[in-house]
Amino acid sequence: MEKAVRKRGRKPKNAVDAEANPNATTTAAEDVVASLNAAADTTTTDRRGSKRRRKTGKEKVDDVAIVVSPERRASRYSDQNGDGDIVAAVADGPPPWESVGKVVPSMDAVVKVFCVHTEPNFSLPWQRKRQYSSSSSGFIIGGRRVLTNAHSVEHHTQVKVKKRGSDTKYLATVLAIGTECDIAMLTVNDDEFWEGISPLEFGDLPALQDAVTVVGYPIGGDTISVTSGVVSRIEILSYVHGSTELLGLQIDAAINSGNSGGPAFNDKGECVGIAFQSLKHEDAENIGYVIPTPVIMHFIQDYEKNGEYTGFPILGVEWQKMENPDLRMSMGMGNEHKGVRIKRIEPTAPESNVLSPSDVIISFDGVDVANDGTVPFRHGERIGFSYLVSQKYTGDKALVKILRKSKIHEFNIKLATHKRLIPAHIGGKPPSYYIIAGFVFTAVSVPYLRSEYGKDYDFDAPVKLLDKHLHAMAQSVDEQLVVVSQVLVADINIGYEEIVNTQVLAFNNKPVRNLKSLADMVENCNEEFLKFDLEYDQIVVLRTKMAKKATRDILLTHCIPSAISNDLT
């Protein structure tokens, strides 16, 4: 009979007991199997299919990390060490979720926003485009209100919101839309929606390297999603939706489609911003932007103060840096003076009567302006002085100190919103139009340019239109840039078919101030001919009676309900 050979190595811990009791080995093996079965509910499966015990003391519940209670951890350790009563633990069953942990209450205030959009059709302004649906994020604040992004509910026909963990969608009403700051405010009339929800509290503006957590409902799933990062930059940012520049936070957390309108939390669970856009570039990764609390509070207080959103005021000037020493000397600036030179002033701005080109702005509301146009912000930080202007409200006054011909002057200036010749948006209204003899006249806006030439309109649009968009200033509050958008082909307009997006300068030798004035002049014209002076010295001449008669037939042919939009009648 062969003798059992033991491999060389360390003697087993219970070798003596095993020799004394040959059946002990079998008993120990059965105990190990029993302990593994008892602990099966505390193991997880990794990607390779093997099971491993979590060592972090945390469990994932509904996408939120929840710290396990100390009692739960202690029972696990006793199971692992073999000191606990395993049979009793299995008999009692797993502990209730209430004893495991509590979901972070701020997560419950994050909602999913569903919107049905019906955008205007700028090519055919008498009708709208086919409706489409979108989903985004939002969150509940005090006063039974919900905040989200303006672009999430733009051109809305129906808005619904759904709470986390609920299967019910509630109809929402849009209270205000701030296009410049890309914020919208909603409310829900159903009392059931507000039950058991605590509104979010706002925190202070975070500092660089502060941790932020963005919560929302991005693409890739239906449940709530959490991404974390840090604040990497604080500066004046370009808000794409509103074509404006306001204070913004840059973070390195991913912000994807659907995250829009979701809150960004600090480590205290306070809301410090709203996710609204990200940078898509081949040389950049994971760069997202957040609307900070100063901009959010300005929007909320503006609505509470005026009952509607009135916008962010501007100073209404174009300015030049004064970093060149020779330039400063020529303007009469000494070493004790710093500031920026005014190049142009908006004719529609209230300060156009008191300020002049070549004035040097040296302070705004008591804050000194540097030669590069920045002002002190926080410790070790500077920011563009337009930030000071954006903190004001429409109609507020500000003390501006200027240097003019080596003398200092002070003016109390009333601030107003920006009146652009080509507006950045049309306020959610349908576009205006007027039709005569197949010529479709309309007013140019940024959404119109984007519709005609795509998202790269600032490269693809005609040079004349771009020049007016970037540099022209409105001479009056009601001035518009009127163009012939297209010509609906008919016998009366033979030879004019190729005219498209061409500015109208005058009608019968009278300047065209806006679309309404053009429509009034044409409708009340008793002269024999209708003469339109277009840019590039091009003219259009039509016989008055025949043009008005042909208009009716053209409207019937193209199923157009009216020759003039409702807002012009």
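Which residue is the bridge partner of Ile 436 in β26? I looked it up, and the partner is Phe 439.

**Entry 1: what I am reading.** This is a predicted model, in which local features need pLDDT of at least 70 and side-chain atom pairs count only at pLDDT 80 or more, while totals for chains, interfaces and linings use all residues. Residues are numbered from 1 along each chain as its sequence is written, and side-chain values use heavy atoms, with hydrogens and water left out. I noted a mean pLDDT of 83 for the protein, with 80% of its residues at 70 or more; pLDDT is the predictor's confidence in each residue, from 0 to 100.

**Entry 2: strand β26.** Helices (H or I, at least four residues) and strands (E, at least two) are DSSP runs numbered from the N terminus. Two strands count as paired if DSSP finds at least two bridges between them. Strand β25 (residues 433-436) pairs with β26 in the antiparallel sense over four bridges. The hairpin of these strands has two residues between them, and Ala 437 takes a positive phi near 55° there. I then turned to β27, which runs antiparallel to β26 and is joined to it by five bridges. Ala 443 stands opposite Val 482 in β27.

I also asked how many of the five residues of β26 are buried. Five of the five are, so the strand is largely enclosed by the rest of the structure. Buried means under 20% relative accessible area, exposed means over 50%, and partly exposed is in between (1.4 Å probe, protein chains only). In a regular strand the side chains alternate between the two faces of the sheet. Here Phe 439, Phe 441 and Ala 443 are buried on one side, and Val 440 and Thr 442 are buried on the other.

**Entry 3: helix α9.** I listed the buried residues of α9 (residues 446-453): Val 446, Pro 447, Tyr 448 and Leu 449. Their cover includes β26 (439-443), α10 (457-460), α11 and β27. Gly 454, just after the helix, takes a positive phi of about 85°.

**Entry 4: the barrel.** I traced a closed barrel of six strands in the order β5-β6-β7-β10-β9-β8, with antiparallel pairing. From one strand to the next the twist averages 40°. Strands β7 (residues 145-148) and β10 (residues 183-188) share three bridges in the antiparallel sense, and Val 146 stands opposite Leu 186 in β10. Helix α6 (residues 293-306) lies across β6 (132-141), β7, β9 (169-178) and β10, at about 55° to β10. Axes are lines fitted to C-alpha atoms, for helices over the stretch in contact, and angles run from 0 to 180 degrees between N-to-C directions.

**Entry 5: cores.** A nonpolar core is a set of buried Ala, Val, Leu, Ile, Met, Phe, Trp, Tyr and Cys residues joined through side-chain atoms within 4.5 Å. The largest has 83 residues, of which Leu 147, Ile 183, Phe 193, Val 295 and Phe 299 touch the most other members. Apart from it lies another core, of 26 residues, which includes Ile 436, Val 504, Val 512 and Leu 518. Not counting residues up to four places away in sequence, Leu 147 touches residues including Phe 139, Ile 183, Phe 202, Ile 274 and Phe 299.

**Entry 6: salt bridges.** I found 13 salt bridges, each a side-chain nitrogen of Lys or Arg within 4 Å of a carboxyl oxygen of Asp or Glu. Arg 145 and Glu 304 form one of them, at 3.1 Å, N to O. Arg 145 sits in strand β7 and Glu 304 in helix α6, 159 residues apart. Is each end buried or partly exposed? Arg 145 is buried at 14% relative accessible area, whereas Glu 304 is partly exposed at 48%.

The side chains of Asp 478 and Arg 513 also meet in a salt bridge, at 3.0 Å, N to O. Asp 478 lies in the loop between α11 (463-471) and β27 (482-487) and Arg 513 in the loop between β29 (510-511) and α12 (515-523), so the pair ties together parts 35 residues apart in sequence.

**Entry 7: where I stopped reading.** Residues 1-92 stay under 50 in pLDDT, with 65 contacts beyond four places in sequence in the model. Residues 94-103 are also below 50. Where pLDDT is low, the predicted coordinates should not be read in detail.

Technical notes: Contact = heavy atoms within 4.5 Å.
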